[in-house]
Amino acid sequence: MSRQRILIVEDDPFIAMDIEAAVIDHLGDQTEILLADSLRTASSLADDQVHLALLDVDVIGGKTFEIALALHRRGTPFAFVSGSLPTDLPHELNGAAFVRKPFHARDILSFVKTALNRSSNDNADRPAAGD
């Protein structure tokens, strides 16, 4: 597996560290974690090439719905990690992956493994440029 860039958007530093630890424990040095605690920082980082994102719904500056929609349009897997309810999401995001707080590391890892495996399988199915 190549180096993965994972965006974590969480304004509680302790929860952000828990999410980061769960991801690093599984992926180790194959991972670059991009942390954001505000909507502005998250928007900037989400514009970079990320392989996966874990988003709190409510962060400093607002809700992460527009970031989630942009990631969805690009085909970047994401999950909300939030104390909000899935029913709080706008209809455009119905069915988005959702991990409820409080969470267990295995809940985060389950999403990360599935999303990265699906993403790598999708990329393997695509013909290389010039084919």
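A salt bridge here is a side-chain nitrogen of Lys or Arg within 4 Å of a carboxyl oxygen of Asp or Glu, and the structure holds 4 of them. This is a predicted model, in which local features need pLDDT of at least 70 and side-chain atom pairs count only at pLDDT 80 or more, while totals for chains, interfaces and linings use all residues. Residues are numbered from 1 along each chain as its sequence is written, and side-chain values use heavy atoms, leaving out hydrogens and water.

**View 1. Glu10 and Lys101 meet in a salt bridge.** Their N to O distance is 2.8 Å. Glu10 sits in the loop between strand S1 (4-9) and helix H1 (13-27), and Lys101 in the loop between strand S7 (97-100) and helix H4 (105-125), so the pair ties together parts 91 residues apart in sequence. Helices (H or I, at least four residues) and strands (E, at least two) are DSSP runs, numbered from the N terminus. Glu10 is buried at 4% relative accessibility, and Lys101 is buried at 19% (buried means under 20% relative accessible area, exposed over 50%, partly exposed in between; 1.4 Å probe, protein chains only).

**View 2. Lys101 also pairs with Asp56.** Here the closest N and O atoms are 3.1 Å apart. Asp56 lies in the loop between strand S3 (52-55) and strand S4 (58-59), so this pair links parts 45 residues apart in sequence. Both Lys101 and Asp56 are buried.

**View 3. Lys63 forms a salt bridge with Asp58.** The closest N and O atoms are 2.4 Å apart. Lys63 is partly exposed at 42% relative accessibility, as is Asp58 at 34%.

**View 4. Shared partners make a network.** Salt bridges join Glu10, Asp56 and Lys101 into one network.
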